[in-house]
Amino acid sequence: MDEIWWIILLAGGLTYLTRTGGHLLLARIGTIPPRLDAALNAVPAAVLTTIVTPALVSGGWPERIAILVCVVLALRLPLIVTVAIGTAMVAFARAAGF
């Protein structure tokens, strides 16, 4: 079996274990303490910032413009639509040679 398939299987197994472990932990604890709930609510924003910031700082102009357009679109459109539009913008700009 190729090495990539082992990586995919291992990643899937670890994802399953972390999700199952989290469910079992919450079932045992009962309720989440307020501070933990606040920390967990901050994770999506932190991950998004971690993904977007390098492209904004060291990326080219197509990436920067797409990020700024997506910031505005995210106020009105669903997340998946915003991501699709931003991805298409960068893909078309790169295909056009920018």
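This is a predicted model: local features need pLDDT of at least 70, side-chain atom pairs count only at pLDDT 80 or more; totals for chains, interfaces and linings use all residues.
Let's start with burial: a residue is called buried when its relative accessible area is under 20%, exposed when that is over 50%, and partly exposed in between, using a 1.4 Å probe and protein chains only.

Residues are numbered from 1 along each chain as its sequence is written, and side-chain values use heavy atoms, with hydrogens and water left out.

The predictor's confidence in each residue is given as pLDDT, from 0 to 100. For the protein chain the mean is 91, with 100% of the residues at 70 or more. Going element by element (helices are DSSP runs of H or I with at least four residues, strands are E runs of at least two, and both are numbered from the N terminus), the lowest mean pLDDT, 89, belongs to helix α2 (residues 34-58), and the highest, 93, to helix α4 (residues 79-95).

Back to T82, which sits in helix α4. Take contact as heavy atoms within 4.5 Å. Setting aside residues up to four places away in sequence, T82 touches C70, L73, A74 and L77.

Now for the charges. Side chains of opposite charge can pair when their charged atoms come close. Count a salt bridge as a side-chain nitrogen of Lys or Arg within 4 Å of a carboxyl oxygen of Asp or Glu, and a search of the whole structure turns up 1. The partners are R94 and E63, at 2.3 Å from N to O. R94 belongs to helix α4 and E63 to helix α3 (residues 61-73), so this pair ties together parts that are 31 residues apart in sequence.

How exposed or buried are the two ends? R94 counts as exposed at 53% relative accessibility, whereas E63, at 14%, counts as buried. Beyond its neighbours within four places in sequence, E63 is in contact with A55, V90 and R94.

Finally, the rings. Aromatic pairs would be rings of Phe, Tyr and Trp (its six-membered ring) with centres within 6.5 Å, called stacked with planes under 30 degrees apart, edge-to-face over 60 and tilted for the rest; the whole structure has 0 of them. There is a charge over a ring, though, meaning NZ of Lys or CZ of Arg within 6 Å of the ring centre and within 35 degrees of the ring normal: R64 lies over the face of W61, 5.1 Å from the ring centre.
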